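Please look through the sequence and the structure below, and then follow the paragraphs from one region to the next.

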Amino acid sequence: MKLSTRIAIGAAVLVPLLVVAAGVLLLPLVGTDLHRRQDAQLGTRAAAVLPNARALLAADDRGRPKAEQNQQRKLTDAALDAGVRVTAADGTVLLSAGPQPDDPGLLPRTPGGKAVTVRQGDSSWRVLTVKVTGGSVGGSTGGTLWVLAPAEEPADELRAVRRRVLLVALVAAPLSGLVAFALAERATLSLRRLGRRAAALDPRSGHAAFAHARTGTAEVDELSGAIALLLSRYDEQAARTAQALDTARSFSSAASHELRTPLMSLRTNLDVLAAHPDLPEDERAEVVGELQQDHARMLDLLSALSALARGDLVEVSAFGPVDLAELVDTAVAEAARRHPDTVYRAELPPEARVFGWDAGLRILLANLLGNAAVHGRPADRPTDRPAEVDVRLRVEDGTARLTVDDTGPGVPPAERAAVFHRFHRRPDSPGSGLGLTLVAQQAALHRGSALLTDRPDSPGCRLEVHLPLLLPDAPPAARLPSPRDWLSDRPDRV
C-alpha cells in the first residue's frame, strides 16, 4: 500500500474521531451554557413578574377580586411562555398558569436564589423560587413566586448539537481522506523521485552518479544523503576488496618467484643427502648448513612479504597516539639481543608522540636496526671487531627525525634510491631484499619519508626517517595515503 494511501486512510479515520471526541468534550459545556442561559431568562422573567406579584398579594390582602384578576392577567402576560405560580403566606394559590407540575408539592418551598430542576414522570422543569413581600396599611404579608420553564428545551438543543457533530464527523471522513491523500501525494513526490533515481542507479557507476540534490524536504534530503554515504562506503569497501585481491595476487606472484631458488636449492641438498647416506661428516655438515640457510631465507622472505601485505591493507582505525621514543628504546634493546655482536648506542628525547600504527612502527625500527647490524661492519675492519650503530631521535619543527648511523661501506649515490625497491639486495646480502622496502612503506603510511645518505661525522651510512609529530591542537589524519601497492614493483612509491 502506498504511503499516501495509508496517510489518507489514517486521516479519514482520525479526523472523525477527533470531531466526535471534541463533541463529547463540548456537549457538557454546551449543556451548562444552555442551563445558565435558561436560568438567566427565568431570573429576567421573575424580575419582570415580581411587581405584579406584589400587587396581586396586596389586592388579595385588601379583598379586591377585580384588581386581583387584573394582576393575574398582567402576570400571565409578563411571563409569556413561562409557568407562573403565586401563593399567599397561608398557602392560598393566587395564580397558577403556564407549564408546571401537577403536584405543587414538588416545587421548592425555600427561595434559594438559584434555579433547580423538578421532575414529574417524563417531564422536567427548571424552577426559580422568589420570596414576595406585599402589604397593606398597618401590616405586611408576603407570599411565594415560582417561575418555571420546561427543562426539555436545553435537552432538545443538545440533541441538535449532537446530531450536527455526528453529521460533521460523517462529512469529515471522506473529505479529510481526500485532502490528506492529495497532500500526501504532493509531500511524497520528492521521495518517489528519489526512489526512481535509486532504482535506476548502475552499481558499477558508484556514488558519483548519485548526485545529492537538495529538495527542501528535510527527511528526503536526509535519506538522499544517507544513500549517497552508503554508496560511498560501498565504493570504498569495493576498492578495499579489489586492493586486497591485488595484494593477494602480488603476494602469490612474489612468493612463487622468490621462493623458486631456495626451494630448488633445498630439493638439491635433500637429494644429495638421500643419494649419499654415507656422506663424510664435514660434507654432510656443509649440506645441512645450506639447508638451514635456505630455510631461514624462505622464512625471512615470507615474513617480509606478509608485513608488506599488512601495510597495504591496514586501516586508519589501527592508528593512534604512539610514543616513538619509547618504541625506539624497546627496538634498540630487542636488536641488541638479536645481534649480540653489534654495539648499539641510543640518544632519545623524553617523548616524541606521533599518530602511528604501533605494529608498523615496530616493523620499521626492526628493519632499520637489523639492516645497520648486517651492513654496518666496514670491509677493512677485522672480523672480531663489532659493528657500531648510533641511533638518534630528535624533535624538530613539528617533526620526529630518526637517524641510524653505521660504520659500514655505505651505498654509492647512484644506487641509493634503488635500495628501497622490492627485492633489491647486494650479492652477498643474507636478507630478502625487502627490509628497506618495509621502511619506506611504513614511512609513507605515516605521512613521512625515508632517506639514505652518507654518515656526516665518519665513513659509513645514514638512514634517516622523518615522521610528523602529533600536535595537541591538530586532528588526526582521517585517511591513509592511497594507493598503497608496495607488494608490486613500483619504484615511484619510494
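**From the surface to the strands**

Ile-9 lies in helix α1, which spans residues 3-62; helices (H or I, at least four residues) and strands (E, at least two) are DSSP runs numbered from the N terminus. This is a predicted model in which local features need pLDDT of at least 70 and side-chain atom pairs count only at pLDDT 80 or more, whereas totals for chains, interfaces and linings use all residues. Residues are numbered from 1 along each chain as its sequence is written, and side-chain values use heavy atoms, with hydrogens and water left out.

With a relative accessible area of 44%, Ile-9 is partly exposed, a class that falls between buried (under 20%) and exposed (over 50%), judged with a 1.4 Å probe and protein chains only.

Strand β1, residues 83-88, is mostly covered, since six of its six residues are buried. Gly-83, Arg-85 and Thr-87 point one way from β1, while Val-84, Val-86 and Ala-88 point the other way, and all are buried. Four bridges join β1 to the antiparallel strand β2, residues 93-97, where pairing requires at least two DSSP bridges. Within this pairing, Arg-85 stands opposite Ser-96 in β2. Four residues separate the strands in the hairpin of β1 and β2, and Gly-91 takes a positive phi near 95° there.

Leaving aside residues up to four places away in sequence, Asp-323 touches Pro-350, Glu-351, Ala-352 and Arg-353, contact meaning heavy atoms within 4.5 Å.
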